[in-house]
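I opened my notebook to look at one chain. I wanted to work through it step by step.

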Amino acid sequence: MITELFDPVFRGYASKVGVSESEASAILGGQVVASLLELTADTFTRGWLNKLLQAAVGGVMLWQATSPRLSDRDKKELLVMGSHELTRVLDPTPSDIAELAASISQLVNNIKTGNLTAALSSGLRHPSEFQAAMEALKAVVTPPPLPRLTVPQIQPQPPAQPPAVAPQPARIQKKIY
C-alpha cells in the first residue's frame, strides 16, 4: 500500500533486524506516514477538533485493519498508523491539555451564545498562528549569517638591513717556502 515506497530505505535495516523488508517498511513507514498525518492535523486544528480528528482517523484505521479483504501488509500499516493517532489522543502533553481545556471552554461559550461559526473556529488554528510557527521554523532552519572574513592589510615593510658587522683586521698570511 502506501509504505511500499519505503522498501528501499529500510532494506538494510530489515536485514540487520532479521525481519522481512515489507514488515519493516509497514511498521517504520507506517510511523512516518502517521507522523505526517499528525503534523498536518496539528498545523490546522487545535484543542477539541484536533483530538476529535485524531481519534476519528485512528479509529477508522484500526477498524479498517479488521477487513478480511486487505493484505497482511496493509493491515500492519493500518494498525501502526491507527495506534499512533489514538496514542496521541490518549497521551496528551501538558500544553495539549491546556489548549484542549481552553478550546472546549470557547466551544461551549460560543454554542451557548448561538455563534456556531465561532464555535467551529475554536478548533481551528488562526492563520497568524501558522505564520508565527513558520517564522519560528525559519529562525531555527536558517543559519545565522557567517562573519565576513577580511584579509588584514599588511603594510609593505622596507627590506631588512643586515646587521652591521664590525670590520675585521686584515690577516696577513706568511708564505712558507
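My entries on this chain follow.

**Confidence.** I noted at the start that this is a predicted model. I looked up the confidence next. The chain averages a pLDDT of 84, and 87% of the residues score at least 70. Which element has the lowest mean pLDDT, and which the highest? Helix H7 (residues 127-141) has the lowest, at 74. Helix H3 (residues 47-64) has the highest, at 94.

**Aromatic rings.** I looked for ring pairs. A pair of aromatic rings is described by the distance of the centres and the angle of the planes. I found a count of one aromatic pair. Phe-6 and Phe-10 form it, with 5.9 Å from centre to centre. Their planes stand at 40°, and the pair is tilted. Is Phe-10 buried or exposed? Phe-10 counts as buried because its relative accessibility is 14%, and the cut-off for buried is under 20%.

**Nonpolar patch.** I turned to the surface. Tyr-13, Val-17, Val-19, Ile-27 and Leu-28 form a nonpolar patch there. Together they have about 400 Å² of accessible area. Helix H1 (7-17) and helix H2 (21-44) each supply at least two residues of this patch. I picked out Tyr-13, which is found in helix H1. Its relative accessibility is 47%, so Tyr-13 counts as partly exposed.

**Ala-101.** My last stop was Ala-101, in helix H5 (residues 94-112). Ala-101 is partly exposed, with a relative accessible area of 46%. How many residues apart in sequence are Ala-101 and Gly-47? I noted 54. In space, Ala-101 and Gly-47 are 7.3 Å apart, C-alpha to C-alpha.

How values were computed:
Residues numbered from 1 in each chain as written. Predicted model: local features only at pLDDT ≥ 70, side-chain atom pairs only at ≥ 80, totals over all residues. Heavy atoms only, no water. Phe/Tyr/Trp six-rings, centres within 6.5 Å; stacked < 30°, edge-to-face > 60°. Buried < 20%, exposed > 50% of the residue type's maximum accessible area, 1.4 Å probe, protein only. Patch = residues over 30% accessible without salt bridge, like charges linked within 9 Å, V, L, I, M, F, W, Y side chains within 5 Å. Areas by Shrake-Rupley, 256 points an atom, 1.4 Å probe, with all protein chains shown as cover. Salt bridge = Lys/Arg side-chain N within 4 Å of Asp/Glu carboxyl O. Helix = DSSP H or I, 4+ residues; strand = E, 2+ residues; numbered from the N terminus. pLDDT = per-residue confidence, 0-100.
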